[in-house]
Amino acid sequence: YLAPDCVLEDIVGGTHTGWADIRAFFADGLGRWPDLKLIPEKFWVSEDGVALTWMMSATQRNADFGPEAVGKVWRSPGMSYLVIRNGMVVHE
């Protein structure tokens, strides 16, 4: 459902343009956290898109956040706004 020139702006991961770039961004996350989940929670609809809250979680596999974090599940709440045109997401 992504337009070919869709733009994803991630507060941590930066801006990604086009399906190949966006797919690579998410593939990197799945490579680091194979059990990564991004679960939508609430939705708000407007004339040009939808906003949603979500909860992201995964198991920490390395000591990037200290040895005590390895094997523990982290959680991060977030919110996104998807601009939709002609049934395709053009911006998040």
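The stops below go from the core to a loop, then to an aromatic pair and a salt bridge. Keep in mind that you are looking at a predicted model.

**Stop 1: the core**

Select Cys6, Leu8, Ile22, Val50, Leu52, Trp54, Leu82 and Val89, and show their side chains: these eight residues make up the largest nonpolar core. Now colour strand 1 (2–10) and strand 4 (49–59), the elements that each give two or more residues to this core. Strand 4 provides the largest share, with three residues.

Stay here and click on Leu82. Leaving out residues up to four places away in sequence, Leu82 touches Asp48, Gly49, Val50, Leu52, Val89, His91 and Glu92.

**Stop 2: Gln60**

Next, pick Gln60, which sits in the loop between strand 4 and strand 5 (73–85). Is Gln60 buried or exposed? With a relative accessible area of 3%, Gln60 is buried, because the cut-off for that label is under 20%.

Show what surrounds Gln60. Apart from its neighbours within four places in sequence, Gln60 is in contact with Trp33, Phe65, Ala69, Val70, Gly71, Lys72 and Trp74. Draw a distance line to Trp33: the side chains of Gln60 and Trp33 make a polar contact at 3.3 Å.

**Stop 3: two tryptophans**

Hide everything except the aromatic side chains for a moment. How many aromatic pairs does a search of the whole structure find? It finds two. One of them is Trp33 with Trp74, arranged edge-to-face, with 5.2 Å from centre to centre and 75 degrees between the planes.

Trp33 is in the loop between helix 1 (19–32) and strand 3 (37–46), while Trp74 is in strand 5; the pair links distant parts of the chain, 41 residues apart. Trp33 is buried, at 14% relative accessible area, whereas Trp74 counts as partly exposed at 21%.

**Stop 4: the salt bridge**

A search of the whole structure finds one salt bridge, and here the side chains of Asp64 and Arg32 meet in one, 3.7 Å from N to O. Asp64 lies in the loop between strand 4 and strand 5 and Arg32 in helix 1, so this pair ties together parts that are 32 residues apart in sequence.

Asp64 counts as exposed, at 51% relative accessibility, and Arg32 is partly exposed, at 37%.

Technical notes:
Residues are numbered from 1 along each chain as its sequence is written. This is a predicted model: local features need pLDDT of at least 70, side-chain atom pairs count only at pLDDT 80 or more; totals for chains, interfaces and linings use all residues. Side-chain values use heavy atoms; hydrogens and water are left out. A nonpolar core is a set of buried Ala, Val, Leu, Ile, Met, Phe, Trp, Tyr and Cys residues joined through side-chain atoms within 4.5 Å. Buried means under 20% relative accessible area, exposed over 50%, partly exposed in between (1.4 Å probe, protein chains only). Helices (H or I, at least four residues) and strands (E, at least two) are DSSP runs, numbered from the N terminus. Contact means heavy atoms within 4.5 Å. A polar contact is a pair of N or O atoms within 3.5 Å; within protein, one must be able to donate a hydrogen and the other to accept it, and residues adjacent in sequence count only if both atoms are side-chain atoms. Rings of Phe, Tyr and Trp (its six-membered ring) pair if their centres lie within 6.5 Å; planes under 30 degrees apart count as stacked, over 60 as edge-to-face and the rest as tilted. A salt bridge is a side-chain nitrogen of Lys or Arg within 4 Å of a carboxyl oxygen of Asp or Glu.
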